[in-house]
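Hello,

Here is the structure I said I would pass on. My notes on it follow below.

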Amino acid sequence: MSITTVVLTVVFVVTQLLYLITLVHDLYLLSRKVDWVELDEDAVWASGTLPKIVLLYPVLREPQETMRTTFVGLDELEYERGRYRIVAIPNHDDEVTIAALEDLQDEFAWLEILVVPPTSDPSWETVWESWEQTEQAYWWHTGATAGDRDLPPKKTRQLLYALYTLDARESEDDWLLNYIDADSVPPHDHLLAGAAGAPHFDVIQSTNVAGNLLDTWPASWHAMDHMCWDGMRYPHLSARGRHPYWVLGKGLFYHAPDLIAMGSFNPWVTIEDPEVGMRLWVNGRRLGVIASPLIEEVPLTLGRGLTQRKRWICGFYQSLGACLRLMGMRRRDRIRAWTNFLPCLSLTVNPLGVPIGIWALWVWYEGTSPLPVWLILLAISTIVLYCVSMSITYASTWRRTALVLEHRRDRLRYMLRVNPVFLWAYWLWWSVPIAVGTWMYFRDGGRVWERTEKTDAIHELVRDVVSREE
């Protein structure tokens with residue numbers, strides 16, 4: 001056997017073992033029980049006083065029409081009017097967005113605007129004082145960021161200011177914090193679902209679905225990320241409280257005073273989603289999942305998708321590093337937390353796994369395969385598990401396309417766009433944001449909010465939904 005053949009065989013063994021580990025974990029995750037929020041609207045309305053909810057809307061240089069589309073959806077929310085507020089939280093120096101929001105107030109009278117000042121402003125004292133007394137805000141007490149008030153200019157900073165400012169003004173002991181992204185449109189029963197879950201769970205998270213999944217070919221592939229994770233695998237992280245969970249960064253509810261008692265958001269990670277979820281889990285907070293999804297838009301090009309996904313990767317690494325030890329997570333739980341990243345990280349195997357798999361198939365077809373029988377059985381095992389996993393994924397995806405595509409022909413067209421061959425190619429592309437995000441992590445990047453460009457891509461869908469409901 002030549003040296004080349006030996007090397008190829010070793011690479012084949014390694015990649016197949018990595019695939020096997022990933023697929024076994026995938027099926028294990030799908031076997032975990034989901035803590036669904038049971039929504040009985042009549043029961044919620046009849047339960048007495050509804051919990052107070054504040055929906056925050058962090059924005060940065062957003063097109064006015066994108067925000068208007070979101071507000072059209074928010075205008076349809078079903079909830080007692082005096083029991084919820086919708087508050088946009090632009091930065092003080094984002095004058096264009098502030099002006100656009102003020103224009104939109106003429107049409108949407110319920111819209112409030114809370115401008116976020118620089119961290120040198122005295123109104124930030126509420127945050128510093130709370131962190132000083134909160135051990136769970138470990139970034140304020142240890143390491144290079146201890147006592148550092150120069151918080152990075154991004155979404156987390158906006159959420160922090162709004163949360164502590166509004167809590168200081170709130171007269172009720174318990175209220176729910178909810179927030180969405182600039183392009184997110186929640187279903188009409190979104191707030192009712194939060195109220196239904198609040199007595200039973202500490203964190204209530206909605207699933208997501210892309211509303212512009214047929215706009216471009218890259219949009220179809222980016223939307224599949226949400227189909228595979230947000231709408232299908234993610235709910236299983238609730239797992240009766242037995243598995244470290246992340247949150248999805250939009251469409252979720254916290255008991256606000258409890259969140260503050262836990263230190264609220266870590267401003268020094270690129271994305272707050274994984275870290276805050278795992279810190280809440282460490283402190284015994286349970287996750288409930290709302291099946292009814294938010295609608296959002298996905299990037300229309302691979303370039304814009306790279307901008308978004310490299311930030312995800314950097315944030316995942318940051319959250320799974322020193323943060324886990326500092327928040328007090330045990331070693332075995334840190335390992336389980338890392339498995340949440342495994343489906344994404346496993347895509348790095350594809351640049352080697354796909355060509356080496358083609359080589360193995362070719363030499364087997366020619367009858368010159370140097371691989372022993374046990375390796376062939378290993379490969380067959382990974383193929384079988386892959387087929388099972390993808391069958392479950394495609395079945396779920398087909399069902400979820402009905403949430404945003406009315407016609408069967410459009411749903412079929414989407415399924416053709418995400419066929420296994422095209423999906424393999426897209427997963428090969430994923431190696432680029434993983435590599436760039438890893439580089440960002442080692443260079444301590446992601447401090448500044450690098451927003452994903454919005455294009456008001458779900459304009460027609462939202463208006464069609466509202467028209468049908470009327």
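**What was found**

The chain exposes about 20,000 Å², and carbon and sulfur atoms supply 58% of that area. Accessible areas come from the Shrake-Rupley method with a 1.4 Å probe, and for residues only the protein chains shown count as cover.

The model is predicted: local features need pLDDT of at least 70, side-chain atom pairs count only at pLDDT 80 or more, and totals for chains, interfaces and linings use all residues. Residues are numbered from 1 along each chain as its sequence is written, and side-chain values use heavy atoms, with hydrogens and water left out.

Of the 470 residues, 58% count as buried, meaning under 20% relative accessible area (1.4 Å probe, protein chains only). The C-alpha trace spans about 75 × 55 × 40 Å along its principal axes.

The chain has 21 helices and 7 strands; these are DSSP runs numbered from the N terminus (helices H or I, at least four residues; strands E, at least two). Strand β7 (residues 287-296) is largely enclosed by the rest of the structure, because 8 of its 10 residues are buried. Strand β5 (residues 203-210) pairs with β7 in the parallel sense over 7 bridges; pairing requires at least two bridges found by DSSP. Gln-205 has Val-289 in β7 as its bridge partner.

How many disulfides does the structure hold? There are 0, where a disulfide is a pair of cysteine sulfur atoms within 2.5 Å. The cysteine sulfur closest to that of Cys-228 is in Cys-344, and at 11 Å it is too far for a bond. Cys-228 counts as buried, at 15% relative accessibility. Cys-344 also has 15% and counts as buried.

Regards

Key: Buried means under 20% relative accessible area, exposed over 50%, partly exposed in between (1.4 Å probe, protein chains only).
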